[in-house]
Amino acid sequence: MTHSVAHALSERSRTIADRVEAFVREVVIPYEHDPRCGPHGPDEAMVRELRAKARAAGVMTPHILNDGGHLSQLETALVLKRSGLSILGPVAVNTAAPDEGNMYLLGEIGTEAQKRRFLAPLVSGEARSAFFMTEPADEGGAGSDPSMLKTTAERRGGGWIVNGRKAFITGAMGASVGIVMARTGSAETTRSTMFLVELPNPAIRIERVLDTIDSSMPGGHAIVVIDGLTVADDQVLGEVDEGFRYAQIRLSPARLSHCMRWHGAATRAQEIATAYATRRKAFGKLLIEHEGVGFMLADNLIDLKQAELMIDWCATVLDGGSLGTSESSMTKVAVSDALFRIADRCVQVMGGSGVSRDTMVEQVFREVRAFRIYDGPTEVHKWSLAKKIKRDALGGGKA
Ligand SMILES: Cc1cc2nc3c(=O)[nH]c(=O)nc-3n(C[C@H](O)[C@H](O)[C@H](O)COP(=O)(O)OP(=O)(O)OC[C@H]3O[C@@H](n4cnc5c(N)ncnc54)[C@H](O)[C@@H]3O)c2cc1C
């Protein structure tokens, strides 16, 4: 990329990011205490209201351009960090998970007909989506190890019939589009296929919505029963038996975009904690003048900058056309751990106020705790990095 092209791109993303930030600060933040934000995220009426305002302000789905093109990952980082300045920001401007990752995957591998049918309503923000991969742990289903997938898809007539149970499906309640991962291939080979479905569907029943530590994502996280779901061939996303490969295409950018959004939330938590420490006094001076507090805020600044640099580095790797598997693992581990430390220190700096729901600091702490588990728990990323280290050290032998 020439310098002038890169410069024009960064101008473009800066303009979009500034508009998103202004919208989030002026319009979205006042909604943070709205009673329609429940334990399973903002309700549907509130999502619609926020999105109508985002549309009117011209900041709906800001990372996807009018011609259908996608900002580069580096540009996306700038925009998504700003959208995360409020926990409600990503939902309002349609940069939230799982929609953002699902839109990316559909844009990459969907057919033109699938894009019209399933992607267009997502990009316009009229619909929400869900990604159905994980299965209940107590039934031995897929979790950290996707190859344990138990949900099956069998050829039946001109299409497929899918059966199984899924767990932790974010946004399944209220979604209009689903991407369902199911086992295909023979009993000996672990293969999977992704299927696109319209929701609600009588064969996809929400058993219950889990009560979890986090509470930002509309619809919460559901246990779902899939019972005799029929799917036509034109609803296969990409190629049959290639589901695990597509999951990899989705995963690196999706886990990176979580880093971006939560970086924005941690930045705001730091702003709130700094405001507290520069107005509240103890023992005759401002809290920030006590070294114990000042150092916590200083450590936050360092962690925020290191996290930003890792996000931008990984974004650049993805922009170069690589799958970025190792880079996104490293970034996800480093950033999720750093953001958790930041949120924890912000809570501490604010004393009792830090654990109250008067500010969003308490929620950022809960949200980033969950982030250390989804899109690959820290240990799974470290384990796969260790396998790569071993492979490289032993000259390409299989780990
Ligand atoms: C808030 C939230 C939202 C989610 N949304 C979705 C969604 O929309 N769609 C979806 O499909 N899934 C979703 N998930 C599921 C998520 O992807 C899984 O929780 C995750 O993959 C871990 O699987 P598991 O919970 O079954 O944990 P398990 O597989 O039981 O693992 C438990 C722990 O074991 C350890 N571990 C596992 N493997 C290794 C290893 N190789 N080395 C060292 N330690 C290891 C880790 O510490 C891990 O945390 C969501 C989860 C959460 C918490």
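Select Val-177 and find its bridge partner, Glu-198 in β7. This is a predicted model, where local features need pLDDT of at least 70 and side-chain atom pairs pLDDT 80 or more, while totals for chains, interfaces and linings use all residues. Numbering runs from 1 along each chain as its sequence is written, and side-chain values use heavy atoms, without hydrogens and water.

Now show residues 177-184, strand β6, which pairs with β7 in the antiparallel sense over eight bridges. Strands are DSSP runs (E, at least two residues); helices are H or I, at least four, and both are numbered from the N terminus. Pairing takes at least two DSSP bridges between two strands.

Next, colour β7, residues 191-198. Six of its eight residues are buried (under 20% relative accessible area, 1.4 Å probe, protein chains only). Then go to β10, residues 236-237: two bridges join this strand to β7, again antiparallel. Met-194 has Leu-237 as its bridge partner there.

Move to the cavities. The whole structure holds two of 30 Å³ or more. A cavity is a set of points on a 1 Å grid over the protein atoms alone where a 1.4 Å probe fits but cannot get out; lining residues have an atom within 4 Å of a point. Volume is the space filled by probe spheres set on the points, which are joined across faces, edges and corners.

Select Pro-90, Ser-216, Met-217, Arg-261 and Trp-262, the closest to its centre of 13 lining residues. Helix α7 (243-277) gives the largest share of that lining, four residues.

Last stop: the second largest cavity, about 60 Å³. Its lining includes Arg-51, Asp-99, Arg-128 and Met-217.

Technical notes. Buried < 20%, exposed > 50% of the residue type's maximum accessible area, 1.4 Å probe, protein only. 1 Å grid on protein atoms, 1.4 Å probe; cavity = no way out; pocket = protein on both sides within 12 Å on 5 of 7 lines; lining within 4 Å.
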